[in-house]
Amino acid sequence: LLEGFPLHVRSVPNFTDLASGRVKVDDIQEVDIADLLGRDAVPAQPDLLARCIKGKTVLVTGAGGSIGAELCRQIFSLGPTTLLLFDHSEFNLYNILSELEQRLSRESSPVRLLPILGSIRNPHKLLDVMKTWNVDTVYHAAAYKHVPMVEHNISEGVLNNVMGTLNTAQAALQAGVANFVLISTDKAVRPTNVMGSTKRLAELTLQALSREIAPVLFGDKANVSRVNKTRFTMVRFGNVLGSSGSVIPLFHSQIKSGGPLTVTHPKITRYFMTIPEAAQLVIQAGSMGQGGDVFVLDMGEPVRIVELAEKMIHLSGLSIRSERNPQGDIAIEFTGLRPGEKLYEELLIGDNVSATQHPMIMSANEDHLSWDLLKAKLAELLAAVEEDDYSRVRQLLRETVSGYTPDGDIVDWIYQQRRLEP
């Protein structure tokens, strides 16, 4: 009703936010762009939320990130005995710990909170943590996710997203962790970029490990001495509204500074969901499946980014400056697709999907590789990374990740600099 008028629309907080203590009654907020996505939030099923958390010891890697922090907030409410917050960023870890400690004090909760500084690149630290606290459930959210950034820093993308996932999974196997949930992405489907291909490789790693009776650990480590009791699941979803590095905070900042709003392409579309919804999906999907399952959400229709930009300008009480309206307040500029970026994202590699007990969560039956074959490929990939042989890295990703079709030349900074040297 108000959209036709040049009004800056804001809202009072909802009851859930007030009850959680995150905001006060007098905290006036910007209108939530999530309300304009044209899709209702996916309702949560309480039994699925509690199954892997209530009364258990839970570890979240990347606990200070956008998804990791929201996972921690929701896990805290579901009654674990111990919640381990694992992150390599001291600042991010401090922020989520401070927030949860305030809730701990306010709610007199019995949950034990433990902030652990560490990197998923350190397998010994991961194993120490999981064994010391007898971890029951791991939510693996730690990853590099920014497509152009990873495209320019290929080795770090591989070492963090692939080897970091392998380290975390193997620590879980050795420590006898019951449930392991990987946060994945729609960019893992027929990827055109390194980030997406490393996330699909992370999925393949867990799929391969889940099919082994006693998986042989990577490198010089000994065999796992027990039958594989860790249930690996993967959850794939699209972009998360308001996450670090996402388009919504960027648009807010650009509007505040008078524009323009930058959009890469007039036709670019993305699937979107809210951070709380994404975290709920991860928790519920992680409670389902037999092991090696890839779950995807019915995310409705993809959203055109330019339409999102237009709606945000309107909600700010401003008008769009264009050829038809040269006196408008904020312009929208198209900057061109960045390295590795797709116009359209997909959630499934194939069409072979089946329903689950949750009406909005599907199980994707994706191809997988045997652990022996994958282990050999990972060893080759690691050797290529150590030698800064990025042509070989790209070739190995092509051979291993179904549908990986890199778009354009290699833009890794080291690779480019060395090509310039005489």
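Predicted model: local features only at pLDDT ≥ 70, side-chain atom pairs only at ≥ 80, totals over all residues.
View A. Residues are numbered from 1 along each chain as its sequence is written, and side-chain values use heavy atoms, with hydrogens and water left out. By type, the lining of the second largest cavity has eight nonpolar residues, two charged ones and no polar ones. (Nonpolar covers Ala, Val, Leu, Ile, Met, Phe, Trp, Tyr, Cys and Pro; charged covers Asp, Glu, Lys and Arg; the others, Gly among them, are polar.)

**View B. The chain as a whole.** The protein chain has 14 helices and 18 strands, taken as DSSP runs (H or I, at least four residues, for helices; E, at least two, for strands) and numbered from the N terminus. Of its 422 residues, 52% are buried. Buried means under 20% relative accessible area, exposed over 50%, and partly exposed in between (1.4 Å probe, protein chains only). Take the contacts between residues at least 6 apart in sequence: 76% of them join residues at least 24 apart. (A contact is heavy atoms within 4.5 Å.)

**View C. The buried side of helix α9.** Val247, Ile248, Phe251, Gln254 and Ile255 are the residues to look for, buried in α9. They span an arc of only 125 degrees around the axis, so they sit on the same side of α9. (The arc is that of the directions from the helix axis to the C-beta atoms.) What do the buried residues of α9 pack against? Their partners are β9 (239-241), β10, β12 (272-274), α11 (305-315) and β16 (330-334).

View D. Next, look at the bond joining Gly259 and Pro260, a cis peptide with omega about 0 degrees. Pro260 itself lies in the loop between α9 (247-256) and β10 (261-263).

**View E. Two loop residues with positive phi.** Most residues other than glycine have a negative phi, and most peptide bonds are trans. Ser108 is no glycine, yet its phi is positive, about 50 degrees. You'll find Ser108 in the loop between α4 (90-107) and β5 (112-117), and at 63% relative accessible area this serine is exposed. Asp388, not a glycine either, has a positive phi of about 55 degrees. Asp388 belongs to the loop between α12 (371-386) and α13 (390-400). Is Asp388 buried or partly exposed? With a relative accessibility of 24%, Asp388 counts as partly exposed.

View F. The whole structure contains 15 salt bridges, each a side-chain nitrogen of Lys or Arg within 4 Å of a carboxyl oxygen of Asp or Glu. Here Glu107 pairs up with Arg103, their closest N and O atoms 3.0 Å apart. Both lie in helix α4, four residues apart, or about one turn of the helix. Glu107 is partly exposed at 38% relative accessible area, whereas Arg103, at 9%, is buried.

**View G. Arg121 meets Glu156.** The side chains of Arg121 and Glu156 come together in a salt bridge, 3.1 Å from N to O. This pair ties distant parts of the chain: Arg121 is in the loop between β5 and α5 (123-132), and Glu156 is 35 residues away in helix α7 (residues 154-175). Arg121 is partly exposed at 31% relative accessibility, and Glu156 is partly exposed at 29%.

View H. Which residue forms a salt bridge with Glu203? The partner is Arg236, with closest N and O atoms 2.6 Å apart. Here too, distant parts of the chain are linked, with Glu203 in helix α8 (residues 194-210) and Arg236 in strand β8 (residues 231-237), 33 residues apart. Glu203 and Arg236 are both buried. Salt bridges with shared partners join Arg200, Glu203, Arg236 and Glu366 into one network.

Key
Arc of directions from axis to C-beta.
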